[in-house]
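This report covers a helix pair and a set of salt bridges. The sequence and structure come next.

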Amino acid sequence: MSRPGPASRPVVLVVGGGYVGLYTALRLQKKLSRGRAEIVVVDPQPHMTYQPFLPEAAAGSVEPRHVVVPLRRTLDRCRVVTGAVDSISHADKRARIVPAEGHPYELSYDVLVMAAGSVARTLPIPGLAEHGIGFKTVGEAIYLRNHVLARLDAAASTDDPEVRTRALTFTFVGGGYAGIEAFAELEDMARYAVEHYYPRLSTGDMRWVLVEATGRILPEVDLDMAAWTVKQLTARGMDVRLNTRLESVSDEGVVRLSDGEEFASDTLVWTAGTKPNPLLTSTDLPLDERGRVRCEPTLQVSGTEDAWAAGDLAAVPDITKEQPGATTAPNAQHAVRQAKRLADNVVAVLRGEQPQAYRHEYAGSVASLGLHKGVAQVYGVKLKGWPAWFMHRTYHVSRVPTFNRKARVVADWTLASVFRREVIALGQLQDPRREFVTAAGAGGTGQLPAPTAADRAQAR
């Protein structure tokens, strides 16, 4: 790495404010004294989202604001830019920034940290883009919570059997941890709501369908634990379809599966994996066959000076495994630890020292399956039910950045254990101007027409 002279002030550009970006910048601002370097963090959102808590936010166990960490407040010694990086020429050490508002501009830097993470991996399935919703952002979690409760309201407010069946059919595609947790947490919330607040509905009226293309779910745990999870979900009346693919979704919301079944569903959630951020194709960094940045064990970009990468978009060699070519899994556990090692290595190189290799043996996984329900496999120890659920909460609250957020999440859980669950649908959040625009269009009469089929489709 070409180190700046003693009088210069290197610019460290951190692309992305997720796990890697936030933790790297947080450690850099702590280890580099004021004036030692300028740290610039660029992300389209002004906050970092702690994604393992999105299912609980969607289910109402955690306040959505408490699963996000404000970047400007946390990174008070960094320059935070709300915008996107749309191209990077590392040979020239220049990045093109597109701010949330205003004209694009170029930023020169000395050290690059690629931490832009991943995006949803979608397939060219007819109707998916029009009807599906992802589950990677807090906005999607809030939308999905309101949507599910709104479907219960719709079903309880009509006697039309077709409308009720369509409203009460919830389809999820993808059986990884994100999909299983979202599937189980939302079903648990909806079950509670129906049992307590919807006397015209029964839990048997609901249909929850999980579609998984492979022959198992939860690939991060052993097969027996995955099979136990399927058994628990089916015991709750949930329909788990293995070796099944989503074929298409019609304009009317009719889902067609590869096993030949067709059914109408107002809810289609896509959680079938992720892929590296497409930004990488607009850089001159070396990529592997999966579109990830090639990295050394030290988290330096292979064959490239002054460039580092970690997290979902980085192909980081896993030196704890014997098989050649093994790379670390794209999960939060590695991302947080890689960020700390990356920051320490950047500081070391700036000081003329040698970077150290990232080494971490995968500890295992924990997942929530609803209130007081879970599955976990940590360092070979397998837990089920309440112990696994408790471990899930304990582990993740310990990993949420900042004491402020830890305290707020624990407070949410404490209040939820004392009072009944909040199951209010704030559907107006999805289109807050609708009533005003309708009133203005009605000539100020204040008479709001009933929503049309097109309105309902747009709301979905």
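## Helix packing and salt bridges

Helix 10 (residues 386-399) and helix 11 (residues 403-418) pack with their axes 9 Å apart, at an angle of about 150°. Axes are lines fitted to C-alpha atoms, for helices over the stretch in contact, and angles run from 0 to 180 degrees between N-to-C directions. Helices (H or I, at least four residues) and strands (E, at least two) are DSSP runs, numbered from the N terminus. Helix 10 and helix 11 are therefore roughly antiparallel to each other, the term for angles over 145 degrees. Helix 10 passes helix 11 in a right-handed crossing, in which the near helix is turned clockwise from the far one by less than a right angle.

On helix 10 the contact (heavy atoms within 4.5 Å) is made by Arg 393, Val 397, Ser 398 and Arg 399, and on helix 11 by Lys 406, Val 409, Val 410 and Trp 413. These residues divide into four nonpolar, one polar and three charged. Ala, Val, Leu, Ile, Met, Phe, Trp, Tyr, Cys and Pro count as nonpolar, Asp, Glu, Lys and Arg as charged, and the others, Gly among them, as polar.

The model is predicted: local features need pLDDT of at least 70 and side-chain atom pairs pLDDT 80 or more, while totals for chains, interfaces and linings use all residues. Residues are numbered from 1 along each chain as its sequence is written, and side-chain values use heavy atoms, with hydrogens and water left out.

The structure holds 24 salt bridges, each a side-chain nitrogen of Lys or Arg within 4 Å of a carboxyl oxygen of Asp or Glu.

| Pair | Closest N to O |
|---|---|
| Glu 187 and Arg 191 | 2.8 Å |
| Asp 239 and Arg 207 | 3.4 Å |

Asp 239 lies in strand 12 (residues 239-241) and Arg 207 in strand 11 (residues 207-211), so this pair ties together parts that are 32 residues apart in sequence. Arg 207 and Asp 239 also belong to a salt-bridge network with Arg 241, Asp 259 and Glu 261. Arg 207 is partly exposed at 23% relative accessibility; buried means under 20% relative accessible area, exposed over 50%, and partly exposed in between (1.4 Å probe, protein chains only).

Glu 187 and Arg 191 are four residues apart in helix 7 (residues 177-197), and are therefore separated by about one helical turn. Glu 187 is buried at 2% relative accessibility, whereas Arg 191, at 21%, is partly exposed. Arg 94 is partly exposed at 33%, as is Glu 106 at 49%.

Notes: Angles under 35 degrees count as roughly parallel, over 145 as roughly antiparallel, 65 to 115 as roughly perpendicular and the rest as oblique.
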